[in-house]
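Reader: I have a structure open and would like to go through it piece by piece. Can we start with the surface and then work inwards?

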Amino acid sequence: LNEMLQSLLNPNGQKVGNAGLRVGDKVVNLENGEMPEVHCPACGDLAIGSVIEAHGRLTCLRCGCETGKPDDSLVTNGECGVVIDSGSDAVHALFEWPRRVHRYVGEQVKRLDLAYALSVHKMQGSQAPLIIFMLDDSTGAAMVAGRQLALTAMSRYEKLTITIGKRSVMDGWMKRDLLAERKTFLREALK
């Protein structure tokens with residue numbers, strides 16, 4: 001679904017290496033971790049073509065300012081951003097709240113995935129203007145869906161949530177408290 005939406009919503013974006021990403025794509029960060037934040041004190045966020053890296057230090061090609069080592073800051077699992085620039089082995093992605101640009105290099109690019117359509121679990125940690133929440137009435141969904149899943153999905157919106165599915169499915173999910181049924185084996189592990 002994400003690849004289909006990418007071809008509809010960002011058909012002309014510059015391709016990013018072999019990652020399947022394009023400049024302008026919506027992306028999601030897939031794991032918690034410190035990532036280099038790329039910023040020049042004088043010019044602001046730096047594009048790949050505006051920075052040169054040598055001996056672990058960055059120099060802004062716009063103003064000549066040596067920005068030093070890129071500062072690492074946390075990017076969380078589920079945080080969504082936009083690809084704003086790419087190079088042969090690097091991707092710069094803009095994240096909001098707080099606004100910052102992170103540099104993904106080499107294998108780190110695998111931490112990014114397309115984010116035009118996300119599961120509730122991948123969406124945790126982010127919001128979007130519009131959420132379309134599909135109610136699955138299959139047996140498999142009935143085993144894992146409950147009030148917590150529905151409330152998490154519906155709380156990701158900034159402006160509007162649209163729910164598609166049978167009202168009886170949503171009613172059933174809202175009556176089911178999965179936390180009460182959860183078995184973590186924590187008590188047994190502590191003993």
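Author: The accessible surface of the protein chain comes to about 11800 Å², and 54% of that belongs to carbon and sulfur atoms. Keep in mind that this is a predicted model.

Reader: What percentage of the residues count as buried?

Author: Of the 191 residues in the protein chain, 36% count as buried.

Reader: And how many helices and strands are there?

Author: The protein chain has 7 helices and 16 strands. Among its contacts with a separation of 6 or more, 65% are between residues 24 or more positions apart.

Reader: Which residues touch the most other members in the largest nonpolar core?

Author: That core has 14 residues, and the ones touching the most other members are Leu21, Val27, Val91, Phe95, Tyr104 and Leu112. Strands β12 (90-95) and β14 (112-114) each supply at least two residues of this core. The largest share, 3 residues, comes from β12.

Reader: What does the second core include?

Author: The second core is separate and has 10 residues, including Val120, Ala145, Leu149 and Ala150.

Reader: Back to Tyr104. Which side chain does Tyr104 join in a polar contact?

Author: The side chain of Asn29, through a polar contact of 2.8 Å. Asn29 is found in strand β3, which covers residues 26-29.

Reader: Is Asn29 buried or exposed?

Author: Asn29 is buried, because its relative accessible area is 0%, and the cut-off for buried is under 20%.

Reader: What is Asn29 in contact with, leaving aside its neighbours within four places in sequence?

Author: Asn29 is in contact with Val75, Thr76, Asn77, Gly78 and Glu79, and also with Phe95, Tyr104, Arg111 and Leu112. Of these, Phe95, Tyr104 and Leu112 are also among the residues named above for the largest nonpolar core.

Reader: Changing topic to helix α5. Which of its residues are buried?

Author: In α5 (residues 167-175), the buried residues are Val169, Met170 and Trp173. They are on the same side of α5, because they cover an arc of only 95° around the axis.

Reader: What exposed residues does the face turned away from the buried side carry?

Author: That face of α5 carries Arg167, Ser168 and Lys175, which are exposed.

Reader: And what covers the buried residues of α5?

Author: The cover includes strand β15 (128-134), helix α4 (147-154) and strand β16 (157-164).

Reader: How many aromatic pairs does the structure hold?

Author: The structure holds 1 aromatic pair. Its rings are those of Phe133 and Trp173, with centres 5.9 Å apart and planes at 55°, so the pair counts as tilted.

Reader: Where in the chain are Phe133 and Trp173?

Author: Phe133 is in strand β15 and Trp173 in helix α5, 40 residues apart, and the pair links distant parts of the chain.

Reader: Are Phe133 and Trp173 buried or exposed?

Author: Phe133 is buried, with a relative accessible area of 5%. Trp173 counts as buried too, at 7% relative accessibility.

Reader: One more. How far apart are Ala141 and Trp173 in space?

Author: They are 10.0 Å apart, C-alpha to C-alpha, and 32 residues apart in sequence. Ala141 has its place in helix α3, residues 139-144.

Reader: And is Ala141 buried or exposed?

Author: Ala141 is buried, with a relative accessible area of 11%.

Terms used: Residues numbered from 1 in each chain as written. Predicted model: local features only at pLDDT ≥ 70, side-chain atom pairs only at ≥ 80, totals over all residues. Heavy atoms only, no water. Core = buried A, V, L, I, M, F, W, Y, C linked by side-chain atoms within 4.5 Å. Buried < 20%, exposed > 50% of the residue type's maximum accessible area, 1.4 Å probe, protein only. Helix = DSSP H or I, 4+ residues; strand = E, 2+ residues; numbered from the N terminus. Arc of directions from axis to C-beta. Contact = heavy atoms within 4.5 Å. Phe/Tyr/Trp six-rings, centres within 6.5 Å; stacked < 30°, edge-to-face > 60°. Areas by Shrake-Rupley, 256 points an atom, 1.4 Å probe, with all protein chains shown as cover. Polar contact = N/O pair within 3.5 Å; in protein donor to acceptor, adjacent residues only side chain to side chain.
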